[in-house]
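Subject: Structure for you to look at

Hello,

Here is the structure I said I would pass on. Please open it and keep it in view while you read the notes.

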Amino acid sequence: MKLQLIAVGTKMPDWVETGYNEYARRFPSDMPLQLVEIVAGKRGKNADIQRILHKEGEQMLAAVPKGNRIVTLEVTGKPWDTGQLAQQMQRWQMDGRDVSLLVGGPEGLAPQCIQASEQKWSLSTLTLPHPLVRIVLAESLYRAWSLNNNHPYHRE
């Protein structure tokens with residue numbers, strides 16, 4: 001199974017790339033975590049946020065390979081603890097499809113992304129900055145994988 005993180009935003013600070021890459025590189029070759037960055041729409045004083053969100057949403061959905069399970073990251077999604085995420089990951093693997101995880105920009109996800117999702121996942125009831133979400137998401141997925149595979153990382 002392949003895991004794909006589709007996230008709005010490019011040119012992240014070094015600490016974001018370093019943190020994300022630290023966990024992404026740990027995944028085994030039979031479950032790679034791939035990042036697809038979507039260019040954020042230009043937000044100015046009089047920006048049409050709905051139009052920008054719609055365009056970002058179109059680009060995100062276009063990046064999802066046909067047949068993938070879509071999971072959106074939302075504050076209002078279901079909170080999964082590590083054990084529950086590990087169970088979700090096992091269900092995803094049994095399903096036989098790859099998984100695309102969608103992370104929006106400053107205003108969140110476009111409505112069409114939310115409508116296309118099969119699952120909505122909340123990392124926290126806090127609103128997290130979208131660059132930080134990449135790192136927390138990668139670490140959480142890696143920890144769930146390590147739990148499922150009896151890898152010592154989860155017990156560190």
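This is a predicted model: local features need pLDDT of at least 70, side-chain atom pairs count only at pLDDT 80 or more; totals for chains, interfaces and linings use all residues.

Start with helix H5, which runs over residues 130-148 and has 19 residues. From its first C-alpha to its last, H5 reaches 27 Å, close to the 27 Å expected at 1.5 Å a residue. Asn150 follows H5 and has a positive phi, near 55°.

Next, the aromatic rings. A pair of aromatic rings is described by the distance of the centres and the angle of the planes. The count here comes to six aromatic pairs. One of them is formed by Phe27 and Tyr142, and this pair is edge-to-face, with 5.7 Å centre to centre and 75° between the planes. Phe27 sits in the loop between helix H1 (14-24) and strand S2 (33-38), while Tyr142 is in helix H5, so the pair ties together parts that are 115 residues apart in sequence. Phe27 and Tyr142 are both buried.

Trp80 and Trp92 also form an edge-to-face pair, at 6.2 Å centre to centre and with 65° between the planes. Trp80 is in the loop between strand S3 (69-79) and helix H3 (82-95), and Trp92 is in helix H3, twelve residues apart. Both of these residues, Trp80 and Trp92, are buried.

Which residues do ring pairs link into a cluster? They are Tyr23, Phe27, Tyr142, Trp145 and Tyr153.

Regards

Notes: Residues are numbered from 1 along each chain as its sequence is written. Side-chain values use heavy atoms; hydrogens and water are left out. Helices (H or I, at least four residues) and strands (E, at least two) are DSSP runs, numbered from the N terminus. The expected span of a helix is 1.5 Å times one less than its number of residues. Rings of Phe, Tyr and Trp (its six-membered ring) pair if their centres lie within 6.5 Å; planes under 30 degrees apart count as stacked, over 60 as edge-to-face and the rest as tilted. Buried means under 20% relative accessible area, exposed over 50%, partly exposed in between (1.4 Å probe, protein chains only).
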